[in-house]
Amino acid sequence: MALRATGRTSLVDSVVDQLRTQLADGEWAVGDRIPTEHELAQQLGVGRNTVREAVRVLVHAGLLESRQGNGTFVRSTADPAAVLRGVRHAGAADVLELRVALEAEAARLAAARRDTHDLLRLRAALTTLREEGDRNADADLAFHLAVVGATHNAAFVEVYRFFSAQVHEVLVEALGDREMPPVDIDAHEALVAAIEAGDPEAAERQARELLRVPMETVAALTENSR
């Protein structure tokens, strides 16, 4: 089955899409070794370099795993791209509800597991947030990533990093030019204090409180736009 495309990048994308489909359809199970570059190139009617680039994309996406000298194996058939599409199509309120759940649990775990390095990182992120506030969205993201990092749960960190960019996209698309409330520095300070105190319940409570006003704002804005 030869693939056609207008340019090299598009051709790589076409091969990526085809391989994603084959993975989703169960052509190869988790742990299976997929055909070699040469075999895939013949099947798809493209060059080996194109196949190599497409496989590299899927390795980075976590679907495939390249083992030196042994070939390429299926790591997962759950396509993150499908998750992304689902998040992008969700409403702003739905996305914020999920963010509250993630950040409340992250705060609870952080309070129980944080170490000296985590506390220094949180204080530094809070200082930057206080200095830059709404002028720098990255400062707020860095603060919340510091909280998640203090969970010492690598899976949690990766999920949150993956999810946080989608939250921003959904909110921008849903709310347009309408403004969200300014960053509440006092609420961020209270969250850090609870984590420093090693109080999981207080940390979870403060994380929910920190996001209460944004949740109420989004609910009001989306209601008024109906």
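Modeller: Buried residues account for 39% of the 226 residues in the chain, where buried means under 20% relative accessible area, exposed means over 50%, and partly exposed lies in between (1.4 Å probe, protein chains only). This is a predicted model, in which local features need pLDDT of at least 70 and side-chain atom pairs count only at pLDDT 80 or more, while totals for chains, interfaces and linings use all residues. Residues are numbered from 1 along each chain as its sequence is written, and side-chain values use heavy atoms, with hydrogens and water left out.

The chain has ten helices and two strands; helices (H or I, at least four residues) and strands (E, at least two) are DSSP runs, numbered from the N terminus. Their order along the sequence is α-α-α-β-β-α-α-α-α-α-α-α. Of the contacts between residues at least 6 apart in sequence, 69% join residues at least 24 apart, a contact being heavy atoms within 4.5 Å.

Now to the empty spaces. Rolling a probe the size of a water molecule over the atoms shows where empty space is left. On a 1 Å grid over the protein atoms alone, a cavity is a set of points where a 1.4 Å probe fits but cannot get out, and a pocket is an open set with protein on both sides within 12 Å along at least five of seven lines; lining residues have an atom within 4 Å of a point. Grid points are joined across faces, edges and corners, and a volume is the space filled by probe spheres set on the points.

By this rule there is one cavity of 30 Å³ or more. The largest cavity holds about 40 Å³ of space, and its lining consists of Glu103, Ala107, His144, Val147, Val148, Leu191 and Ala207. Helix 5 (92-113) and helix 7 (137-149) are the elements that give two or more residues to this lining, and helix 7 has the largest share, with three residues. By type, the lining of the largest cavity has five nonpolar residues, one polar and one charged; here Ala, Val, Leu, Ile, Met, Phe, Trp, Tyr, Cys and Pro count as nonpolar, Asp, Glu, Lys and Arg as charged, and the others, Gly among them, as polar.

Helix 5 also contains arginine 113, which counts as partly exposed because its relative accessibility is 40%. Arginine 113 touches Asp118, Ala150, Thr151, His152 and Asn153, leaving out residues up to four places away in sequence. Its C-alpha atom is 8.0 Å from that of glycine 198, 85 residues apart along the chain.

The second largest pocket has a volume of about 290 Å³. Sixteen residues, written 16 in the count, line this pocket, and Glu37, Val55, Ser66, Gly71 and Thr72 lie nearest its centre. Helix 2, helix 3 (48-60), strand 1 (64-67) and strand 2 (71-74) each give two or more residues to its lining, with helix 3 giving the most, three residues. The lining of the second largest pocket divides into four nonpolar, seven polar and five charged residues.

Helix 2 (residues 37-44) has Leu40, Ala41 and Leu44 as its buried residues. Seen down the axis of helix 2, these fall within an arc of 100°, so they line one face of the helix; the arc is that of the directions from the helix axis to the C-beta atoms. Just after helix 2, glycine 45 has a positive phi of about 70°.
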